[in-house]
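Please read them with the structure open.

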Amino acid sequence: MIPTDWLGPQEWQAVRLSLRVAAVATLAGLPPAVAVAWLLARRRFPGHGLLSGIVHLPLILPPVVTGYLLLVTFGTQGPVGSLLKPLGIVFAFRWTGAALACGIMSFPLMVRAIRLGFEAVDPKLEQAAATLGAPRAWIFVTVTLPLILPAILAGATLGFAKAMGEFGATITFVSNIPGQTQTLPSAIYALLQVPSGDAAALRLVLVSVVIAMGAVLVSEWLAWRMTARMNGRAEGRA
């Protein structure tokens, strides 16, 4: 366990904010990622390639460009931001904006991992359930979803790790305000600009590595448990 006095108050703020931003970005992005992954994996329609390209655009564009587009769109003077401001919803230069930027940057990774899960599901299993008269929604919940849970966990882990490490889009959209929008990458960057900040930056780097590895290990353990449980149920039915 990390001693509480090992990091300074401002450094702990960056750690807590990063965890909060990454968690919100992952949880908010996961349901639409599942929906888009299903659409790309199971349906063919005009504009399929265009949709796939738009989804993966944040991986291709420089993160600073994505951040600038977010600022232009969701800023208080932007077409979307100006509509949300009277409702009390402001993203620019707020931690919620950091979550939005991280969610958009991590979204393609979640979609890709979950899409591979959908494509790996044997359609005959779903067809067998359909022949028994089960509705499509029930088939998805009871057959498809359990089979792709490892893929969903992998996508969530990738999304969380990407959100924890996001820098370019975040700092462009919400700046680097200590205690408000300063995440771990932004704090490390700020410390590296100070002659005496190398030691503190190294501590935050170690914290980042521990959090990322912890997320991966927890994801692997959960995926193993789910796979073992599913195999146990299959053997019991046999």
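1. Along the sequence the protein runs as α-α-α-α-α-α-α-α-α-α, which amounts to 10 helices and zero strands, where helices (H or I, at least four residues) and strands (E, at least two) are DSSP runs numbered from the N terminus. This is a predicted model, in which local features need pLDDT of at least 70 and side-chain atom pairs count only at pLDDT 80 or more, while totals for chains, interfaces and linings use all residues. Residues are numbered from 1 along each chain as its sequence is written, and side-chain values use heavy atoms, with hydrogens and water left out.

2. On overall dimensions, the C-alpha trace spans about 65 × 45 × 30 Å along its principal axes. Of the 238 residues, 38% count as buried (under 20% relative accessible area, with exposed meaning over 50% and partly exposed in between, for a 1.4 Å probe and protein chains only). Of the contacts (heavy atoms within 4.5 Å) between residues at least 6 apart in sequence, 71% join residues at least 24 apart.

3. The UniProt record, an unreviewed entry, lists "domain: ABC transmembrane type-1" at residues 15-217; its positions are given in the numbering used here, feature names are shortened, and annotations may be inferred rather than shown by experiment. In the model, residues 15-217 are 78% helix and 0% strand, with the end C-alpha atoms 19 Å apart.

4. The unreviewed UniProt entry also places the feature "transmembrane region" at several spans, including residues 95-116 and 137-161. Residues 95-116 are 100% helix and 0% strand in the model, and their end C-alpha atoms are 32 Å apart. For residues 137-161, likewise 100% helix and 0% strand, the end C-alpha atoms lie 31 Å apart.

5. Helix α3 (residues 63-74) packs with helix α5 (residues 95-120) at an angle of about 130°, their axes being 11 Å apart; axes are lines fitted to C-alpha atoms, for helices over the stretch in contact, and angles run from 0 to 180 degrees between N-to-C directions. The two helices are therefore oblique to each other (angles under 35 degrees count as roughly parallel, over 145 as roughly antiparallel, 65 to 115 as roughly perpendicular and the rest as oblique). Pro63, Thr66, Leu70 and Phe74 of α3 make the contact with Leu100, Ala101, Ile104 and Met105 of α5. These residues divide into seven nonpolar, one polar and no charged (Ala, Val, Leu, Ile, Met, Phe, Trp, Tyr, Cys and Pro count as nonpolar, Asp, Glu, Lys and Arg as charged, and the others, Gly among them, as polar).

6. Helix α6 (residues 123-131) and helix α7 (residues 136-165) pack at about 165° with their axes 10 Å apart, which makes α6 roughly antiparallel to α7. Leu125, Glu126, Ala129 and Ala130 of α6 meet Ile139, Val143, Thr144 and Leu147 of α7 in this contact, whose residues comprise six nonpolar, one polar and one charged.

7. Which residues does Ser219 touch, not counting residues up to four places away in sequence? They are Leu153, Ala154 and Thr157. Ser219 lies in helix α10 (residues 198-237) and is buried, with a relative accessible area of 9%. Ser219 and Thr157 are 62 residues apart in sequence, yet 6.5 Å apart in space, C-alpha to C-alpha.

8. His56, in helix α2 (residues 48-60), is buried at a relative accessible area of 17%. Neighbours within four places in sequence aside, His56 is in contact with Pro108 and Arg112.
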